[in-house]
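Dear colleague,

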Amino acid sequence: MDRQLLPDFAVKSVTVTEHQLYAMMDYISELESCDPTFAFDGVLKMTLPASLRGSGSSLDDFLNIDESRLIPLKQIPISFSHCPGVYGVRSFAPDDACFGLLGCCSPCTKSDALKFLKDVTNKDNYEASTCCTRALHIGEETLMSHFFSSILPGLALVTPTSLLPLPELRRQGQKDFACMNEFFRGFRCLSLHQKRLVVESFLENDNRPDARLCSCPGCMSSSVQAGDIESLPQGLLYGPGIQLTCRDRIRMTANFGLYCVAATSILRLLPVKHSGISTPLLYYGTTHSMFQAHIETFSLYSWNYLHFGSPKVWIVIPPCSVRSFHRALSLAIPDLNHSACQNFLGHRYFFVVREWLFQHGIPFKVVIQRQGESVIVAPNAVHFGFNTGFNIAESVNFATKGWIPMGIVAPSCSGGEVHLDLRRIVAAFRDDLLGVFDKRLIPKGEHPSFYQKILVDVSSGLSAGSLLQVASFGGSNDSDGSSSSLDMGDVSPPFVPKRDKGRRILLCPKPSCMKEYRHGKKQYLLNHVSKEHRNDPNFKQYKKRLEEMFPPRCKTERKPCSKCGKLIAGRATQMKIHQEGSNCEPRSRADGSSSFY
């Protein structure tokens with residue numbers, strides 16, 4: 001096996017302060033430009049310093065959440081016998097949710113929902129040992145082998161293959177065509193009474209099996225009959241995407257929570273609010289529950305923080321390999337309809353094993369996220385994984401200025417995925433791309449890595465500057481199907497109060513440093529930047545930013561004191577204060593006069 005394809009557990013990890021959390025967009029931009037490891041891997045692990053750990057929201061804050069919001073999904077993995085190594089994971093809502101409204105019976109029953117509610121509100125579950133946590137204690141490779149070799153195959157529903165080899169399929173098609181022609185040739189000559197008898201006879205003798213679990217994630221025939229539920233696998237309960245409101249103040253530290261990202265990201269220029277962007281989402285994980293392979297909506301960054309519980313395992317495919325993964329999966333999936341969708345990775349349906357990635361030469365990183373750690377996933381980095389036990393995580397999407405070209409060409413699902421209106425963002429930070437954005441073109445002149453990380457294969461004949469497919473790619477002038485004359489809404493920045501009295505706090509302008517100086521003196525910061533960051537490629541930018549922080553003072557005219565002759569700056573008030581003070585000592589002249597003049 002090629003050493004480059006071996007599972008790699010070494011992921012860049014950094015420790016960040018609260019000031020850096022608030023400046024995360026600049027911090028990520030600097031890392032991507034200066035650190036080739038993060039730029040290639042597309043994943044970053046962040047930890048908090050020891051002084052900040054445990055200062056955020058308590059476990060009781062999550063356990064006392066409104067029970068009506070804790071609606072689980074039941075996950076049923078599906079194994080395709082004709083495609084070893086690729087699983088589909090169907091998620092079903094409880095009976096009183098969408099499947100119940102359609103008159104179908106969902107495998108997720110009300111008793112499942114009650115069991116989930118009882119389990120996720122039990123504090124002991126978040127400290128309990130599981131088979132996965134015990135395997136992780138032995139080693140990371142032991143955990144991966146345990147889950148993919150022992151757990152996943154036992155959870156999956158095996159579906160028989162219905163796909164024939166192409167030559168055999170052609171021969172079968174010729175037989176079916178001849179049979180249907182012969183049937184209709186005789187059927188047309190029958191009387192109405194005879195036709196009705198033929199149809200009724202066919203319906204009575206139709207021995208085809210009823211549709212149960214369809215392998216297609218977009219197919220509505222995925223429901224099951226009431227009598228079939230007992231024959232299905234037990235399934236896994238999972239609480240994904242629980243929306244937080246503006247009143248929820250879930251915090252990572254005493255002064256920061258992911259809800260703060262909405263005010264500090266360039267996405268606050270969006271005219272409408274979106275869940276997961278304007279407000280974070282909560283995820284209540286259970287033992288062995290999974291999140292399927294996907295890229296983020298509109299190719300945004302993802303920020304996930306694990307508040308409490310057992311570790312979460314991530315498998316991340318670098319953005320430069322997203323096309324390889326997309327192509328290999330599109331050839332392996334059982335339903336060719338997926339190939340027509342430019343972003344079936346947005347379906348969050350497929351789950352693959354490591355051996356399948358090895359077989360197709362797709363590199364990946366394995367990230368073990370423990371309590372109190374954050375995972376940042378870059379745009380178009382495919383990620384999926386599983387939970388080793390009960391845990392509570394929070395996630396939010398964000399964007400940087402460098403993401404804008406990626407957002408312009410971001411793929412969207414043909415199944416009605418919500419689009420983002422990027423007009424204000426493009427106009428504010430990349431006005432040179434307004435023409436490209438309006439005409440649905442691929443931006444020219446971007447960094448070479450940009451063209452490797454997008455799903456549009458520029459090297460296959462579609463050159464930069466070519467027209468994108470409007471139906472398949474984002475960047476629409478409309479948001480949520482509304483008119484292009486949509487009211488932009490109030491996107492003004494949040495109110496910033498005056499700072500507290502006293503000397504101001506100074507921060508190093510380098511985002512990955514941001515050392516704090518409470519003395520308020522320019523020289524301390526100048527000495528720090530000159531000593532620590534002189535060899536940094538952005539050193540001149542840091543010096544320029546310091547000049548903006550400390551604009552030169554206007555020099556006032558100095559006038560001599562009439563008593564002592566010293567030059568005093570300021571108005572008459574300053575002169576009076578000086579003359580009444582002890583520093584003004586009148587000088588006597590030779591003629592005995594006490595006045596200097």
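In helix H18 (residues 522-532), the buried residues are Leu525, Leu526, His528, Val529 and Ser530. Buried denotes under 20% relative accessible area, exposed over 50%, and partly exposed in between (1.4 Å probe, protein chains only). Helices (H or I, at least four residues) and strands (E, at least two) are DSSP runs, numbered from the N terminus. The cover over the buried residues of H18 includes strand S16 (506-507), strand S17 (516-517) and helix H19 (539-549).

The model is predicted: local features need pLDDT of at least 70, side-chain atom pairs count only at pLDDT 80 or more, and totals for chains, interfaces and linings use all residues. Residues are numbered from 1 along each chain as its sequence is written, and side-chain values use heavy atoms, with hydrogens and water left out.

**The chain as a whole**

The chain contains 20 helices and 19 strands. Of its 597 residues, 47% are buried. Among contacts (heavy atoms within 4.5 Å) between residues at least 6 apart in sequence, 74% join residues at least 24 apart.

**Salt bridges**

A salt bridge is taken as a side-chain nitrogen of Lys or Arg within 4 Å of a carboxyl oxygen of Asp or Glu; the structure holds 13 of them. One of these joins Arg354 to Glu141, with the closest N and O atoms 3.0 Å apart. Arg354 belongs to helix H13 (residues 354-359) and Glu141 to helix H8, so the pair ties together parts that are 213 residues apart in sequence. Arg354 is buried, at a relative accessible area of 5%, whereas Glu141 is partly exposed, at 36%.

Glu296 and Arg348 also meet through their side chains in a salt bridge (3.9 Å, N to O). This pair links distant parts of the chain, 52 residues apart: Glu296 is in the loop between strand S8 (290-294) and strand S9 (301-309), and Arg348 in the loop between helix H12 (322-332) and strand S11 (350-352). Glu296 counts as buried at 9% relative accessibility, while Arg348 counts as partly exposed at 33%.

A further salt bridge pairs the side chains of Arg423 and Asp421 (2.6 Å, N to O), and both residues are buried.
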